[in-house]
Amino acid sequence: MPLIVESIVTTLDEAGRPNVAPMGVEWTDEGIVLKPFLETATFRNVRATGAAVVNLTDDVLLFARAALGNPEVPLRPADRVRGVVLADACSWHELEVVALDATPPRSRIRTRTVHAGRGREFLGLNRARHAVLEGAILCTRLHLVPRAEVAREFDRLQVLVDKTAGPREREAWAVLRAHLAAEPAGAGA
């Protein structure tokens with residue numbers, strides 16, 4: 001079973017506009033496997049350019065914002081692929097597509113790393129950061145998971161945020177809570 005690593009995947013569309021998306025990627029001995037859904041900008045961009053960058057970061061506010069949309073964040077050009085790197089990434093892998101399987105509903109894109117780099121130190125994930133990460137994932141699943149189940153999970157995770165969060169984690173949690181509260185009542189039913 002491959003290891004799934006939560007990351008921020010950055011891609012460019014054909015016009016050079018960036019897309020910043022959270023994604024659990026498969027980390028294998030053979031390379032990194034991306035598995036975006038077919039209707040996503042990430043899939044369209046990777047198919048069009050043959051490239052992506054997997055950014056590793058401990059910034060859970062970025063995960064929260066990216067789960068809810070395409071946030072504008074500081075980026076810099078990738079070194080070896082047509083892509084961009086998070087300016088604040090702890091580390092990154094510039095990827096080139098090896099094989100693309102577009103079988104619905106979710107693609108499977110095998111890649112190889114053509115360049116990797118390191119930025120700042122990876123501070124780690126405490127319990128609040130894990131809670132925010134789980135909350136962000138739940139927000140992307142509101143169309144699949146019953147709303148009452150998501151709300152119960154948010155209540156359980158709230159304890160972790162209350163006990164161990166710093167200001168950035170509290171802000172991320174508030175973003176996710178506001179999104180959950182704003183979702184139509186029928187979502188995920």
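Predicted model: local features only at pLDDT ≥ 70, side-chain atom pairs only at ≥ 80, totals over all residues.
Biologist: Where is T11, and why is T11 called buried?

Modeller: T11 sits in strand 1. Strands (E, at least two residues) and helices (H or I, at least four) are DSSP runs, numbered from the N terminus. Buried means under 20% relative accessible area, exposed means over 50%, and partly exposed is in between (1.4 Å probe, protein chains only). T11 has 1% relative accessibility, so T11 counts as buried.

Biologist: What does T11 touch?

Modeller: Contact means heavy atoms within 4.5 Å. Not counting residues up to four places away in sequence, T11 touches R17, P18, N19, T42, N45, V46, A51 and A52.

Biologist: What makes the pair T11 and N45 a polar contact?

Modeller: A polar contact is a pair of N or O atoms within 3.5 Å; within protein, one must be able to donate a hydrogen and the other to accept it, and residues adjacent in sequence count only if both atoms are side-chain atoms. The side chains of T11 and N45 are joined by such a contact, at 2.9 Å.

Biologist: Why is T40 called partly exposed?

Modeller: T40 has a relative accessible area of 24%, so T40 counts as partly exposed. T40 is in the loop between strand 3 (31-34) and helix 1 (41-49). A polar atom of the T40 side chain lies 3.2 Å from the backbone nitrogen of F43.

Biologist: Is D58 buried or exposed, and how do you know?

Modeller: The relative accessibility of D58 is 3%, so D58 counts as buried. D58 is found in the loop between strand 4 (51-56) and helix 2 (60-68). The D58 side chain reaches the backbone nitrogen of L123 at 2.6 Å. Leaving aside neighbours within four places in sequence, the contacts of D58 include C90, R120, L123 and R129.

Biologist: What describes two packed helices?

Modeller: Two numbers do: the angle between the axes and the distance between the axes. Axes are lines fitted to C-alpha atoms, for helices over the stretch in contact, and angles run from 0 to 180 degrees between N-to-C directions.

Biologist: What are the angle and distance for helix 4 and helix 5?

Modeller: Helix 4 (residues 147-164) and helix 5 (residues 167-182) pack at about 160 degrees, with their axes 12 Å apart. That makes helix 4 roughly antiparallel to helix 5. Angles under 35 degrees count as roughly parallel, over 145 as roughly antiparallel, 65 to 115 as roughly perpendicular and the rest as oblique.

Biologist: Which residues meet there?

Modeller: Among them, V150, F154 and L157 in helix 4 meet W173, L176 and L180 in helix 5. By class, this contact of helix 4 with helix 5 has 9 nonpolar, 1 polar and 5 charged residues. Ala, Val, Leu, Ile, Met, Phe, Trp, Tyr, Cys and Pro count as nonpolar, Asp, Glu, Lys and Arg as charged, and the others, Gly among them, as polar.

Biologist: How do helix 3 and helix 5 run relative to each other, and how do you know?

Modeller: The axes of helix 3 (residues 127-139) and helix 5 come within 10 Å and cross at roughly 25 degrees. Helix 3 and helix 5 are therefore roughly parallel to each other. The contact includes A128, V132 and C139 of helix 3, and A172, W173 and H179 of helix 5. The residues of this contact divide into 8 nonpolar, 2 polar and 2 charged.

Biologist: What does H179 touch?

Modeller: H179 lies in helix 5. Not counting residues up to four places away in sequence, H179 touches L68, C139 and L142.

Technical notes: Residues numbered from 1 in each chain as written. Heavy atoms only, no water.
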